[in-house]
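This report looks at how two chains meet and at selected contacts inside each. The subject is shown here first.

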Amino acid sequence: MNIRPETLHPNRAEMANWSGSLVFRPRFLEAPRNEDEAAAIVHQAARRGLKVRPTGRLHSSSPIIATDDVAVSMRNMKGVFEHDTEERWALVGAGTPLDEMGRDLNDIGLATHNLGDINVQTVVGAVSTCTHGSGRRLTNLATMLIGGRMITADGDVRDIGSDIIPAARASMGTLGMFTALKLRLLPRYRLRRREWCTTLDACFGQLEELSCRCRNLDMYWYPRSDRVKLRTLDPPGEGQERIGGAKLVLEREGWSSEVLSRKRVLRFDEMEYAVPIEAGPECFLEVRKRIMERHRRAVGWRVLYRYVAADDAYLSTAHGRDTVTISLHQNNTLPYGEYFDDIERIFLRYGGRPHWGKKHNLGAEELEPLYPQWAEFRRLRRKLDPEGVFLTDYMSTLLEEEG
Amino acid sequence: MTEGSRTWAVPGGRVPEGSTGAEPENTSYDMLCLLNTGREDASISIWLYYEDKLPVGPYPIEVKAERVRHVRLNDLIDPEAMPLGIEYGILVRSSVPIAVQYWRQDTSRGKAIATAMAMPLD
């Protein structure tokens, strides 16, 4: 490999995440156009003792994207590079935004098995943080990863082999810098999206059954009225024609990439915890009670209740257990700390695991007992990056500090 | 023919912080009743004024031609959720003449309804 002498680009500008709650100023700002440039960035950084941090599209609101050293955007490495519609896979650039990827895959007859409510993140950011949609039988987006390529800590390009897949699926850029991801996909498919308005009392007793019947189901609860919006997605001709006590307010059919996500303009900060599915209802009801008693004065945003199927990625928030996720939201112009911190204590009592890309207050000491494969992830991470090139101070606090 | 005004004010807003009884029917709230009798859709901006900070808005609302719409101020989050239990005032600006009524339900002790026409400013 030919390493160019002037690889790193000095930066003086502040960077802010999507919500604006996280501001940092990296010394170098990079956007490689190919693997040679990406490898050169890592090589130079390692040689100079600098940390390398992929930033995705800055959508995360936890400090996993922040660095004082080298921030790397993969925005120039995007698109579908290779695909096989019969074998149902595609190799995509790490910096491909999910919305663009959805359109491109649809054009060649492929689709992801699910998407989150927002689809502006890069595919590598979504995979690396266990971003997910909602569906009792649907795993998070990290589980799509079956291969690809990455830049190692010493600046070499290597395949993401099956030996590291369980760690790579939720690795937050700490194993290496991913440049291309090989994804397991589905033939493209159509869905009918329906939105229903009801109240918590009317729907909560039906939720378990609905979650088994619907391909996708999530629930928004509105703390200042106790009202609820249910969203269901099913193949056309299937799913719920009616839900007891609920009024159908929206119906739309389209390709999965068109109807799974919605455009979000209003910005917010968010905390999300994943709890075992059997604990979901009780945990939610306790959260609801606490919000109504203590936080309604300042909190008008809804609480989101979703389902994610279990998987085996070492640091997946659904590792080894079918899961319910509960998300708190607050306008990004309003304080969130007291609200999030208070409710976080409830999540933890139910064995909650925080979303890697959203607000939380946990470090390695609290996280390690939540993940049965924690030690194996750490062993592999240290083996791949012994000098900690991909380990900023925050990531070290998150993953490395011993209890 | 269109009736009403394009600008309206409600100086005496205050969403009661507490609620008693089953919700949502017994949630305390402040509400604006917006009546558009004209043949054009109304694009409405709501601004909220406070004692100790700059006005917050616009909260965008659409009311179709020859339709009425009731908007609970508690529920608005765009651009941000309003705090409950404090004094505030409301300014309503509309692209076409409309009529505006203010409505409060207070269930903090029993159930009390108060209502008044907003004040036309133009």
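A salt bridge here is a side-chain nitrogen of Lys or Arg within 4 Å of a carboxyl oxygen of Asp or Glu. The model is a predicted one.

## Salt bridges

K53(B) sits in the loop between β3 and β4 of chain B, and E80(B) in the loop between β5 and β6 (88-106), so the pair ties together parts that are 27 residues apart in sequence. K53(B) is partly exposed, at 36% relative accessible area. E80(B) is buried, at 9% relative accessibility.

Elsewhere, salt bridges with shared partners join R192(A), R194(A), E241(A) and E251(A) into one network. Over all chains, the rule gives 39 salt bridges.

One of them pairs R231(A) with D117(A), with closest N and O atoms 2.9 Å apart. This pair links distant parts of the chain, 114 residues apart. R231(A) belongs to strand β15 of chain A. D117(A) lies in the loop between β8 (110-111) and α3 (123-128) of chain A. Are these two partners buried or exposed? R231(A) is buried, at 4% relative accessibility. D117(A) is buried too, with a relative accessible area of 12%.

R39(B) is exposed, with a relative accessible area of 68%. E66(B) counts as partly exposed, at 45% relative accessibility.

| Salt bridge | N to O distance |
|---|---|
| R231(A) and D117(A) | 2.9 Å |
| E17(B) and R297(A) | 3.6 Å |

## Where the chains meet

How many residues of chain B are in contact with chain A? There are 17, and they touch 14 residues of chain A. Together the two chains bury about 1,400 Å², 50% of it on carbon and sulfur atoms. E23(B), P24(B) and I77(B) supply 36% of the area that chain B buries against chain A, more than any other three residues.

Two kinds of polar pairing span the interface. The count of salt bridges between the chains is 2. One of these joins the side chains of E17(B) and R297(A). Polar contacts between the chains number 9 residue pairs. On the side of chain B that touches chain A, 8 residues are nonpolar, 3 are polar and 6 are charged.

T232(A) lies in strand β15 (residues 227-234) of chain A. T232(A) is buried, at a relative accessible area of 1%. Its side chain makes a polar contact of 3.1 Å with the side chain of W196(A). Beyond four places in sequence, T232(A) is in contact with residues including R192(A), R193(A), R194(A), C214(A) and I243(A). N216(A) is also among these contacts. The C-alpha atoms of T232(A) and N216(A) are 5.4 Å apart, and the two residues are separated by 16 residues along the chain.

S261(A) is in the loop between α7 (256-259) and β17 of chain A. This residue also counts as buried, at 8% relative accessibility. The side chain of S261(A) reaches the backbone oxygen of G116(A) at 2.6 Å. Beyond four places in sequence, S261(A) is in contact with L115(A), G116(A), D117(A), I118(A), N119(A) and R193(A).

## Helix α9 of chain A

Helix α9 covers residues 337-349 of chain A, 13 residues in total. From first C-alpha to last, α9(A) reaches 19 Å, close to the 18 Å expected at 1.5 Å a residue. Which residues of α9(A) are buried? They are Y339(A), F340(A), D342(A), I343(A), E344(A), I346(A) and F347(A). These buried residues pack against β17 (268-276), α8 (280-295), β18 (303-308) and β19 (323-331) of chain A. Just after α9(A), G351(A) takes a positive phi of about 75°.

Terms used: Residues are numbered from 1 along each chain as its sequence is written. Chains are lettered from A and ligands numbered from 1 in the order in which they are written. This is a predicted model: local features need pLDDT of at least 70, side-chain atom pairs count only at pLDDT 80 or more; totals for chains, interfaces and linings use all residues. Side-chain values use heavy atoms; hydrogens and water are left out. Contact means heavy atoms within 4.5 Å. Buried area is the accessible area (1.4 Å probe) that two parts lose on being put together, summed over both. A polar contact is a pair of N or O atoms within 3.5 Å; within protein, one must be able to donate a hydrogen and the other to accept it, and residues adjacent in sequence count only if both atoms are side-chain atoms. Ala, Val, Leu, Ile, Met, Phe, Trp, Tyr, Cys and Pro count as nonpolar, Asp, Glu, Lys and Arg as charged, and the others, Gly among them, as polar. Helices (H or I, at least four residues) and strands (E, at least two) are DSSP runs, numbered from the N terminus. The expected span of a helix is 1.5 Å times one less than its number of residues. Buried means under 20% relative accessible area, exposed over 50%, partly exposed in between (1.4 Å probe, protein chains only).
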